[in-house]
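Dear colleague,

I am handing over a structure to you with this email, and I would ask you to look through it before reading on. My notes on its aromatic rings follow below.

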Amino acid sequence: MGCSKWRAGFNFGHHLKVQSKLSVFLTMILFFTYLFYCLNGFCESLPPPVYDQHTSNLLLNQILLDAGQDARHKNDVTASASAGDEQPLELDDVDSVLQKLSGEPPSEGNMSVANSFGSKKFPQAIIIGVKKGGTRALLEFLRIHPDVRAVGAEPHFFDRFYDKGLEWYRSLMPRTLEGQITMEKTPSYFVTKEAPRRLFSMSRHTKLIVVVRDPVTRAVSDYTQTLTKSPGLPSFQSLAFRNASATVDTAWSAVRIGIYAKHLENWLRHFPLSRFLFVSGERLVMDPAGEMGRVQDFLGLKRVVTDKHFYFNQTKGFPCLKKPEGSSRPRCLGKSKGRPHPRIPAEVLRRLRDFYRPFNLKFYQMTGHDFGWD
């Protein structure tokens, strides 16, 4: 009898040990299965870590500093920027910040690459011209609008990097949420012969914005910008006229860009006039809120950017953005904006005005707008 009890106890203890080993074994299987799936990227559905506000701010500041350093070493777009390219007023690398905060790798592949912060899309509107017309000012003013997301640097896809393909181009775009507009600006598109056809092949529905300015003043501004980078440049008049004659040298880009009617003819072979908005560079300076109202209407946006956002900087002779909330100072465009022009002989300017007059009149007729340059 005692022996039977001892034997039963032994069997029960042995059974417990087997059960314990089996539990440990099953637990290890589950653990290693979970580890395997995580290592292969199947745990993305798990909730991300939650940061308190202080930690998030510190992390965001650090990422912005890193992004600022990275921006100085961008390869394709930045390395190709010519002397005439306008650089952004401020760092616009929110996408990389969001990627780092979320731990999400860069996206590839689909036409619309989505993550929890939106998707990268081809631009629905592009500022295609013109150089030294006021394109940087327009883009910076537009970026105040909460429904506008824009590329900071000029992509130059349709004139320089078309061979990289549309997926490369789309990868440059910022992420947008539903209801937001993706934009970019590259002023040289307007004077690039192949650009209209290439852009049309991407989308015939893209809205096109052209900022134009008195072509004589624009040419002098263009020359001034080049002169600051190349002090040994010949005089304006020697570049504007062939061999000191009365013949205007249209091969010089500073002159050629201002023949707006000729460039517009090329674009109208692919896009109807209804796809264009022509913004006055002069009115953008004198009445920024008024011109911004037209632009917002054209883009189908609510008029958020109004006169309350601007003040006129007497020193620069240019409108600036009033101090944004949380900022210690107002936002003005960079040193290159509002720089004094060299003195050009009045006779040289008169001859240039005579040259441009028939082209200006044709441009007024084509667009239905009299810009008052004559």
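**Aromatic rings**

A search of the whole structure finds 27 aromatic pairs, where rings of Phe, Tyr and Trp (its six-membered ring) pair if their centres lie within 6.5 Å, and planes under 30 degrees apart count as stacked, over 60 as edge-to-face and the rest as tilted. Please keep in mind that this is a predicted model, in which local features need pLDDT of at least 70 and side-chain atom pairs count only at pLDDT 80 or more, while totals for chains, interfaces and linings use all residues. Residues are numbered from 1 along each chain as its sequence is written, and side-chain values use heavy atoms, with hydrogens and water left out.

One of the pairs joins phenylalanine 200 and phenylalanine 271, which are edge-to-face, with 5.6 Å centre to centre and 80° between the planes. Phenylalanine 200 has 29% relative accessibility and therefore counts as partly exposed, whereas phenylalanine 271, at 1%, counts as buried (buried means under 20% relative accessible area, exposed over 50%, partly exposed in between, with a 1.4 Å probe and protein chains only).

The rings of phenylalanine 371 and tryptophan 373 are stacked, because their centres are 5.0 Å apart and their planes are at 15°; both of these residues are buried. Phe200, Phe271, Phe371 and Trp373 are among the members of one aromatic cluster, which also includes Tyr260 and Trp267.

Finally, arginine 351 lies over the face of phenylalanine 241, at 3.9 Å from the ring centre, where a charge sits over a ring if NZ of Lys or CZ of Arg is within 6 Å of the ring centre and within 35 degrees of the ring normal. Lysine 207 lies over the face of phenylalanine 298, at 5.5 Å from the ring centre.
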